[in-house]
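Thanks for coming. I will go through one structure today, and I will start with a sheet, then turn to a pocket and some charged pairs. Please have a look at it first.

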Amino acid sequence: MENSGVRIVTWKVSEENMTVERALRAKGCSHHVLTLLKHTDHGILLNGIWTYANQPTKPGDEITIRVEENASSEQILPVPLPLSIIYEDEDVLVVDKPENMPVHPSAGNYENTLANAVMYYYSAKDIPFVFRCVTRLDRDTTGLVLLAKNSLSSAILSDQAAHRQIHREYLAIVEGMLPLKGTIDAPIAREEGSALMRCVDYENGERAVTHYKRLAAFWRGENTFSDMLSLASVHLETGRTHQIRVHMKSIGHPLPGDFLYHPDSVCELAPRQMLHSHRISFTHPITGEALSFVSNMPEDMQRLLHSYHSLLFF
């Protein structure tokens, strides 16, 4: 989809006693976006005429904004990496992230990230692009990631995320017989002495809530809880670092392949944590349309489940 770096959006005023700025605020324009519009030539039009933000409006008036972005993320190197695009329009991009790919560049990961792949995709089209990731995944968690394609959609989607209006469903394989359904409400904090690991900490942690439902249970060998796996659908009410991995371990059902929280389980069939961002649902930041996208369970998770002999429960 071509994009010159300019996004023009028109909204109709529906309420009484609104200024242009208040009307734009009601649509989700942040202070940052409004500042950019005020400094853009013909950035705000009222019924086709360049106007000031404090101009009064009346129901039926049309406000048109011009969001210009002519620069790209300078610190992110474009690199030709695999990029699976699930959906794209002028405002949002939904991609299916593979395993072993960090989302953002960091120490030791400057050229192997999702950001590098996305920047290459747009640089090859000679389209300016600022990398704005709305939802994030750990390096070895696969599945759907939502990105905003301009400052306006970023502001609106970030507000949705802050108000828990972006809904994500994960598929997780965990050890043992997981209860049919449940909620884990346990605060998470950084583990003392570690820059990376997290733990449940009722004194110092931030509130973290995970809802889960067992979809199926599998067994291998003897029919014992110690030789079983469960496939679960997991929904996050909060979004703490490593939340699913930490919470599942805290109730005795760690994820196989998790090198941080269950290192003894890492093996050929489970070389990474068995966690996949399966579904994402949100409201389109400009049109208001309800959108939902699905990514099927990846092959490595399927292989692990197929190595178990029998389906026991639904």
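In what order do the four strands of the open sheet lie? The order is 1-6-3-4, and the pairing is antiparallel. Before going further, a note on what you are looking at: this is a predicted model, in which local features need pLDDT of at least 70, side-chain atom pairs count only at pLDDT 80 or more, and totals for chains, interfaces and linings use all residues. Residues are numbered from 1 along each chain as its sequence is written, and side-chain values use heavy atoms, with hydrogens and water left out.

Back to the sheet. Its edge strands are strand 1 (6-12) and strand 4 (49-50), each of which pairs on one side only. Strands here are DSSP runs of E with at least two residues, helices are runs of H or I with at least four, and both are numbered from the N terminus. Two strands pair if DSSP finds at least two bridges between them. Strand 1 and strand 6 (residues 62-68) run antiparallel and are joined by seven bridges. For one example, T10 has T64 in strand 6 as its bridge partner.

Next, the largest pocket. It holds about 1300 Å³ of space. A pocket is found on a 1 Å grid over the protein atoms alone, as an open set of points where a 1.4 Å probe fits, with protein on both sides within 12 Å along at least five of seven lines; lining residues have an atom within 4 Å of a point. Grid points are joined across faces, edges and corners, and the volume is the space filled by probe spheres set on the points.

The lining has 43 residues, and R136, L137, R168, G239 and R240 lie nearest the centre. Helix 4 (151-162), strand 11 (167-175), strand 16 (228-236) and helix 5 (243-250) each give two or more residues to this lining. By type, the lining divides into 17 nonpolar, 15 polar and 11 charged residues. Nonpolar covers Ala, Val, Leu, Ile, Met, Phe, Trp, Tyr, Cys and Pro, charged covers Asp, Glu, Lys and Arg, and the others, Gly among them, are polar.

Now the charged pairs. Side chains of opposite charge can pair when their charged atoms come close. A salt bridge here is a side-chain nitrogen of Lys or Arg within 4 Å of a carboxyl oxygen of Asp or Glu, and the count comes to 16.

R245 bridges to D138, with the closest N and O atoms 2.9 Å apart. This pair links distant parts of the chain, 107 residues apart: R245 is in helix 5, and D138 is in the loop between strand 9 (132-133) and strand 10 (142-148). R245 is buried at 3% relative accessibility, while D138 is partly exposed at 23%. Buried means under 20% relative accessible area, exposed over 50%, and partly exposed in between, with a 1.4 Å probe and protein chains only.

In the second, D300 and R272 have their closest N and O atoms 2.6 Å apart. D300 is in helix 6 (residues 299-306) and R272 is in the loop between helix 5 and strand 17 (275-283), so the bridge ties together parts 28 residues apart in sequence. D300 is buried at 6%, and R272 is buried at 1%.

E299 is exposed at 59%, and R303 is partly exposed at 47%.
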